[in-house]
Structures are given as structure tokens and as C-alpha cells.
Amino acid sequence: MVRLNNMQFRGRHGCLESERRDGNWFRVDLAFDYDMRGAIRTDALEEAIDYSAIYEVIQQEMAVPANLLEHLAGRTLDAILTRFPRIERAELTVTKFNPPLDGKVESTSVTVNYE
């Protein structure tokens, strides 16, 4: 399992006008599996999945506003799977900090899976 943990992005995601106008901080966590035997055996980058290329896909998706975290998480995972078909299983979580709720809430999160 490969993990990219605590990637942080500023984004304009949410249904409220203030969320779109002011933006907010988001965290993305990704865990994925692929057949690593070639990378383990050869120590060659071309046998592995390039983490920096996955980060670029996530960064691009986080730059496009979405109303719902569900949509944002699903769209982001779909983009990753399209670009990296060798991924066999994946779990992606998008967390919104300080959501506009009527109370003190540190964050809200949505997790999507692919198997």
C-alpha cells in the first residue's frame, strides 16, 4: 500500500456563496495498491507509480470548484484511476476544515473507495 498523507490545498468548494468567494483549506489523503513486484525487484522508477504525477492530478482537481465534497472526492479518484490504470485498489479522503456549520466543528470528510 502506498500513501500520500495530509496534502493540503486552498480551494473554493462548497454550496454557499461565502465558501466560493473566500475559499477554505482542504486536506487530501490517498492510499492505493498496485503490483509493486517490479519496483521492489528492480528499484526502477518506470516500474513504480510516480507519486509526483499523482499529486499533480489531485492538485488540478482541487483547483476546480465543486459544490459537494462527495463530488470532489469521486471526481478526483476517477481522474487518478484514469491516468494510472495500474492502480488496483484506492481510498481517497477529502477533508474540509472549519465547515460553515452552526457549531464548533473542526472538519468534515468524505471518503471514496475503488476496488
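The model is predicted: local features need pLDDT of at least 70, side-chain atom pairs count only at pLDDT 80 or more, and totals for chains, interfaces and linings use all residues. Residues are numbered from 1 along each chain as its sequence is written, and side-chain values use heavy atoms, without hydrogens and water.

**Fold**
- The chain has 4 helices and 4 strands; helices (H or I, at least four residues) and strands (E, at least two) are DSSP runs, numbered from the N terminus.
- From the N terminus on, the order is β-α-β-α-α-α-β-β.
- The C-alpha trace spans about 55 × 20 × 20 Å along its principal axes.

**Burial and surface**
- Of the 115 residues in the chain, 43% are buried, meaning under 20% relative accessible area with a 1.4 Å probe, protein chains only.

**Largest pocket**
- A pocket is an open set of points on a 1 Å grid over the protein atoms alone, where a 1.4 Å probe fits, with protein on both sides within 12 Å along at least five of seven lines.
- The largest pocket has a volume of about 170 Å³, the space filled by probe spheres set on the points.
- Its lining has 15 residues, each with an atom within 4 Å of a point.
- Glu19, Asn67, Leu69, Lys96 and Thr108 lie nearest the pocket centre.
- Helix H4 (69-83) and strand E4 (107-114) each supply at least two lining residues.
- E4 gives the most, with 3 residues.

Methods:
Buried means under 20% relative accessible area, exposed over 50%, partly exposed in between (1.4 Å probe, protein chains only).
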